[in-house]
Amino acid sequence: MPMLELLQVTWFVLVGALLAGYSILDGFDLGIGILFPFLGKKEEERRVLLRSIAPVWDGNEVWLLTGGGALFAAFPHVYATVFSGFYAPLMLTLWALIFRAVAPEFRSHDPKRAGLWDRAFVAGSVLPALLLGTALGNVIAGIPLDERMEYAGSFLTVLRPFPLLVGLLGVAACALQGSTYAALKTEGALQERAVKAARMVRIGYASLFVAAGVAAGFAVPEAVEKPLAWVGAAVAMACLWLVGAQLRRGRFRAAFWCSSAAFLALWLIVGAIQFPYLVRASGDNGLGLTAYNASSGLLTLQVMTLIALVGMPVVIGYTIYVYRVFRGPVRTEEAGY
């Protein structure tokens with residue numbers, strides 16, 4: 001395989017790995033936000049939930065920034081098409097993330113309006129999970145592209161049934177991540193509520209997964225011919241079953257890892273269906289953006305690979321260190337928020 005083609009495939013995989021890493025890590029703190037009003041019945045419990053994610057959530061979002069940066073550098077045409085085509089949903093996502101980030105600080109210093117900031121925190125958690133999942137559903141199903149391979153649809157084009165179904169699946173996946181993480185990091189009544197939520201979310205997650213799989217057969221007919229996608233589907237369903245089994249045994253750490261593995265399996269399915277496409281063109285696949293026709297040149301990809309070989313071990317090492325330092329359950333007497 002020529003060096004350019006090898007690097008194009010390598011960066012297709014690496015961009016997917018970065019986005020999968022973001023989904024798994026930021027997925028649980030988005031999930032805490034999605035389930036915030038159902039898990040935290042008392043002010044003390046809400047503070048425990050916020051303290052459980054406070055030390056790590058900024059670091060989790062670094063994976064999204066890194067994935068976006070890698071997409072910009074390795075596949076600039078894809079970056080330009082996606083960000084111009086999905087401008088309104090992505091701006092809405094950005095504002096939601098901003099309100100989500102400031103809400104805990106404001107509710108801590110403005111107790112009279114704590115309810116308002118709680119709602120901002122919930123909305124700021126639901127919208128990114130829903131909209132990013134919907135955007136992913138659009139690039140899987142295909143979007144209208146003109147002869148210059150630029151987006152030719154409207155805002156309503158983004159809100160089609162299949163992409164919205166993928167968006168709801170993303171919300172369910174984040175909610176399961178959040179509930180299993182809450183079960184791992186809390187104690188007492190709050191932990192019992194998190195376990196109950198995880199069991200209920202798991203059923204909805206499995207139902208949405210099956211529905212999205214059936215819908216994908218109609219939206220992307222060639223998806224059923226991808227053996228790796230079937231492997232991913234089997235792994236995802238097995239992991240969802242294991243989440244329930246581990247919850248029944250009180251093994252909350254194992255339940256969280258199984259939920260994370262299910263999320264990873266979703267990305268394996270996406271990668272298997274998409275390759276070599278990064279963005280499919282609806283109606284005419286000849287206009288789609290692939291790892292081969294939308295990448296940067298050989299020198300850029302070589303420099304990026306060298307930077308990744310140096311930088312990624314640092315990012316992974318720092319992430320492991322932070323999670324080791326802040327491991328263990330969060331207790332009500334601890335300071336913060």
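The model is predicted, so local features need pLDDT of at least 70 and side-chain atom pairs count only at pLDDT 80 or more, while totals for chains, interfaces and linings use all residues. Residues are numbered from 1 along each chain as its sequence is written, and side-chain values use heavy atoms, with hydrogens and water left out.

Cysteines to begin with. How many disulfides are there? With a disulfide taken as a pair of cysteine sulfur atoms within 2.5 Å, the count is zero. For C174, the nearest cysteine sulfur belongs to C239 and is 16 Å away. C258 is in no disulfide either; the nearest cysteine sulfur, again that of C239, is 5.8 Å away. C258 has a relative accessible area of 14% and is therefore buried. Buried means under 20% relative accessible area, exposed over 50%, and partly exposed in between, with a 1.4 Å probe and protein chains only.

Next, the aromatic rings. Rings of Phe, Tyr and Trp (its six-membered ring) pair if their centres lie within 6.5 Å; planes under 30 degrees apart are stacked, over 60 edge-to-face, and the rest tilted. That gives 13 aromatic pairs. Why is the pair of F28 and Y181 called stacked? Because the ring centres are 4.0 Å apart and the planes meet at 20°. F28 sits in helix α1 (residues 3-34) and Y181 in helix α9 (residues 161-185), so this pair links distant parts of the chain, 153 residues apart. Helices (H or I, at least four residues) and strands (E, at least two) are DSSP runs, numbered from the N terminus. F28 is buried at 1% relative accessibility, and Y181 is buried at 6%.

On to helix α13, residues 298-325. This helix bends by about 30° at G311, and P313 follows within four residues. The bend is the angle between axes fitted to the seven residues ending there and the seven starting there. Buried residues of α13 include L301, M304 and V322. The buried residues of α13 pack against α1 and α4 (57-74).

Last, T290, in strand β2 (residues 289-290). Is T290 buried or exposed? T290 is buried, at 9% relative accessibility. Leaving out residues up to four places away in sequence, T290 touches P276, Y277 and L278, where contact means heavy atoms within 4.5 Å. The C-alpha atoms of T290 and P276 are separated by 5.3 Å, with the two residues 14 apart along the chain.

Terms used. The expected span of a helix is 1.5 Å times one less than its number of residues.
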